[in-house]
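Subject: Structure handover

Hi,

Here is the structure for your files. My notes on the findings follow it.

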Amino acid sequence: MSDTNTATAPVTPADAVTGMVGHVLDVAATWTGWDGEPAHVDGRVYTPHKAVRRVADHLIDHLAELEARLAGEPPQPDHWHASAITTDADRAPFTQEDLDEARSRLTRLARIWADRLGALTAEQLDHSPGEGWTFRELALHVAESAYYADAVGELS
């Protein structure tokens with residue numbers, strides 16, 4: 001009898017991004033009963049809306065970088081205030097409708113990422129044009145956006 005390899009396949013960059021969004025949305029599903037008290041983590045303030053905003057902004061920012069570099073253009077500098085600010089909109093109640101909107105927005109962004117990454121060769125993923133992280137590293141960096149949802153945490 002031979003041993004079979006039961007190890008799982010390495011996570012692809014696309015899987016890392018879509019998996020992160022799936023995790024964020026699973027955590028966000030617990031936020032509709034949020035009591036309005038922000039979480040204080042690492043010297044910053046986090047709310048459900050802010051977490052969704054930051055995940056979406058991170059996906060958009062680095063997708064724009066990836067596309068610019070593929071086009072041979074320098075990436076446009078970002079001017080996000082990022083997690084340094086908490087807007088009045090970030091402090092709004094997080095409703096079922098907000099969750100539905102987050103699901104639509106983040107799922108579509110994750111699909112765009114997965115489609116783009118899936119169209120790249122291993123060479124393009126690991127030896128990406130322009131300056132900065134390789135596209136594989138960029139995808140894994142974007143996957144770290146789960147941090148924002150984890151900062152708020154599960155609330156039910």
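Y148 is buried, at 12% relative accessibility. Buried means under 20% relative accessible area, exposed over 50%, and partly exposed in between (1.4 Å probe, protein chains only). Y147 is partly exposed, with a relative accessible area of 31%.

Before the rest, the ground rules. This is a predicted model, where local features need pLDDT of at least 70, side-chain atom pairs count only at pLDDT 80 or more, and totals for chains, interfaces and linings use all residues. Residues are numbered from 1 along each chain as its sequence is written, and side-chain values use heavy atoms, with hydrogens and water left out.

Aromatic pairs

The whole structure holds four aromatic pairs. Rings of Phe, Tyr and Trp (its six-membered ring) pair if their centres lie within 6.5 Å; planes under 30 degrees apart count as stacked, over 60 as edge-to-face and the rest as tilted. One of the pairs is W31 with F94, edge-to-face, at 5.6 Å centre to centre and 75° between the planes. W31 sits in the loop between α1 and β1 (39-41), and F94 in the loop between α2 (48-70) and α3 (96-118), so this pair ties together parts 63 residues apart in sequence. W31 is buried, with a relative accessible area of 0%. F94 is buried too, at 3%. The rings of Y147 and Y148 have centres 5.6 Å apart and planes at 80°, so they are also edge-to-face. Ring pairs link Y46, Y147 and Y148 into a cluster.

Overall make-up

The protein chain has six helices and two strands. Helices (H or I, at least four residues) and strands (E, at least two) are DSSP runs, numbered from the N terminus. The order along the sequence is α-β-β-α-α-α-α-α. Of the 156 residues, 41% count as buried. The C-alpha atoms fill a box of roughly 55 × 50 × 30 Å along the principal axes. Among contacts between residues at least 6 apart in sequence, 82% join residues at least 24 apart. Contact means heavy atoms within 4.5 Å.

Helix packing

α2 and α3 pack at about 20°, with their axes 11 Å apart. Axes are lines fitted to C-alpha atoms, for helices over the stretch in contact, and angles run from 0 to 180 degrees between N-to-C directions. That makes α2 roughly parallel to α3 (under 35 degrees; over 145 is roughly antiparallel, 65 to 115 roughly perpendicular and the rest oblique). The crossing is left-handed, meaning that the near helix is turned anticlockwise from the far one by less than a right angle; clockwise would be right-handed. Residues in this contact include V52, A56 and L59 of α2 and R105, L106 and L109 of α3. By class, the contact has 14 nonpolar, two polar and four charged residues. Ala, Val, Leu, Ile, Met, Phe, Trp, Tyr, Cys and Pro count as nonpolar, Asp, Glu, Lys and Arg as charged, and the others, Gly among them, as polar.

A56 of α2 is buried, at 5% relative accessibility. Leaving aside neighbours within four places in sequence, A56 contacts R105, L106 and L109.

α1 (residues 13-28) and α5 (residues 135-143) pack at about 15°, with axes 8 Å apart. They are therefore roughly parallel to each other. The crossing of α1 and α5 is left-handed. P13, A16, V17 and M20 of α1 meet R136, A139, L140, V142 and A143 of α5. The contact divides into eight nonpolar, no polar and one charged.

Best wishes
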